[in-house]
Amino acid sequence: MKRKPLGVKSLLAVVVISIGAAIVNSSVVMAQAPKTESAPPPAPAPATGSQPAPSEAKPAPPPAPPTTEVVENPYGIEALWRQGDFVARGTLIILMIMSVGSWYIGIIKVLEQRRMLKDGKQADEKFWHAHSVQEGVATLNEDSAFRFVAEKSSLAAQHHATMATKQLDLNTWVGMALQRAIDLIGNRLQSGLAFLATVGSTAPFVGLFGTVWGIYHALTAIGIAGQASIDKVAGPVGEALIMTALGLAVAVPAVLGYNWLVRRNRVAMELIRHFGGGVHMSLLGRGGRTRRDSES
């Protein structure tokens, strides 16, 4: 028995029913989706026999910008200070004192050496243009190391001239006074460098002591907790290793500064010795006159 083909009306009816079912399904889905955020108020029921008025969709508010929450680092230096005992805090204080002392001494010595080099240039420009050693001394600054050497040498020569019994000659007498003055200046230039050398050699070991002490407490805490997960090990061990980093950060500038200051001290002492030798020759060979006055 053959089936009759569907008519045009039947096809239209099937299409209309399919479209209506699709519209109903889409409206149900759209109505259920915004329920998670905010359900819009129900639209008023349309009057009987009239088509429903299209509801105007309100624009959705813009999404709030994501807020960045600042999380405090539980494994930093602040946590190490807060959670550490008196040994850990004492180690940090010692390293801080070493660092501050090293930078203070380094800055003071650099300023002192710069001033001495400036005084040496002034001595070459003014002292040797005077007619005598006494007049040349008056041209130098009162707190200059070069004036100190010239004054001691000149006073030694004057004192030798007034001595009743001269068991030592003028050369030896003035040379001894000059050498004492140069040695005193050298000792003043070396002051503070021993602290830099001590810090440079001991600061890494002080930091290593803090590291060992921190790891010991970390292992003790892990043993008490009974678990050795990465979050239990990384924090305490990382805090302990900060001590080693601080020790190196204190020691390296101290060592570099020590070597640099020693080299600059050597240059300054060479200028002092050269100037003292010129004063010595002026007092012995020229009767207290400077090189310029003797050459004229």
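Visitor: How many aromatic pairs does a search of the whole structure find?
Guide: It turns up 6 aromatic pairs.

Visitor: Why is the pair of tryptophan 213 and tyrosine 216 called tilted?
Guide: Rings of Phe, Tyr and Trp (its six-membered ring) pair if their centres lie within 6.5 Å, and planes under 30 degrees apart are stacked, over 60 edge-to-face, the rest tilted. Here the centres are 6.0 Å apart and the planes sit at 50°, so the pair is tilted. Bear in mind that this is a predicted model, where local features need pLDDT of at least 70, side-chain atom pairs count only at pLDDT 80 or more, and totals for chains, interfaces and linings use all residues. Also, residues are numbered from 1 along each chain as its sequence is written, and side-chain values use heavy atoms, leaving out hydrogens and water.

Visitor: Where do tryptophan 213 and tyrosine 216 lie?
Guide: Both are in helix α7 (residues 193-225), 3 residues apart, which is about one turn of the helix. A helix is a DSSP run of H or I with at least four residues, a strand is an E run of at least two, and numbering starts at the N terminus.

Visitor: What makes tryptophan 213 partly exposed?
Guide: Its relative accessible area is 27%. Buried means under 20%, exposed over 50%, and partly exposed in between (1.4 Å probe, protein chains only). Tryptophan 213, at 27%, therefore counts as partly exposed.

Visitor: Which residues do ring pairs link into a cluster?
Guide: Those are Phe127, Trp128, Phe146 and Phe275.

Visitor: How do you know whether threonine 91 is buried or exposed?
Guide: Threonine 91, found in helix α3, has a relative accessible area of 4%, so it is buried. If you leave aside neighbours within four places in sequence, threonine 91 is in contact (heavy atoms within 4.5 Å) with Val206, Phe209, Gly210 and Met243.

Visitor: And why does glycine 210 count as buried?
Guide: Its relative accessibility is 7%, so glycine 210 gets that label too. Glycine 210 sits in helix α7 and, leaving aside neighbours within four places, touches Thr91 and Met243. From glycine 210 to valine 87 is 123 residues along the sequence, yet 7.9 Å in space, C-alpha to C-alpha.

Visitor: Why are α5 and α6 called roughly antiparallel?
Guide: The axes of helix α5 (residues 145-161) and α6 cross at roughly 155° and come within 9 Å. Angles under 35 degrees are roughly parallel, over 145 roughly antiparallel, 65 to 115 roughly perpendicular, the rest oblique. So α5 and α6 are roughly antiparallel. Among the residues that meet are Phe148 and Val149 in α5, and Trp173 and Leu178 in α6. By class, this contact of α5 with α6 has 13 nonpolar, 3 polar and 1 charged residues. Nonpolar covers Ala, Val, Leu, Ile, Met, Phe, Trp, Tyr, Cys and Pro; charged covers Asp, Glu, Lys and Arg; the others, Gly among them, are polar.

Visitor: At what angle do helix α3 and helix α6 pack?
Guide: Helix α3 (residues 86-126) and helix α6 (residues 170-190) pack at about 145°, axes 10 Å apart. Lys109, Glu112 and Met116 in α3 meet Ile185, Arg188, Leu189 and Gln190 in α6. That contact of α3 with α6 has 3 nonpolar, 1 polar and 3 charged residues.

Visitor: How many helices and strands does the chain have?
Guide: There are 9 helices and 0 strands. Of the chain's 296 residues, 29% count as buried.

Note on methods:
Axes are lines fitted to C-alpha atoms, for helices over the stretch in contact, and angles run from 0 to 180 degrees between N-to-C directions.
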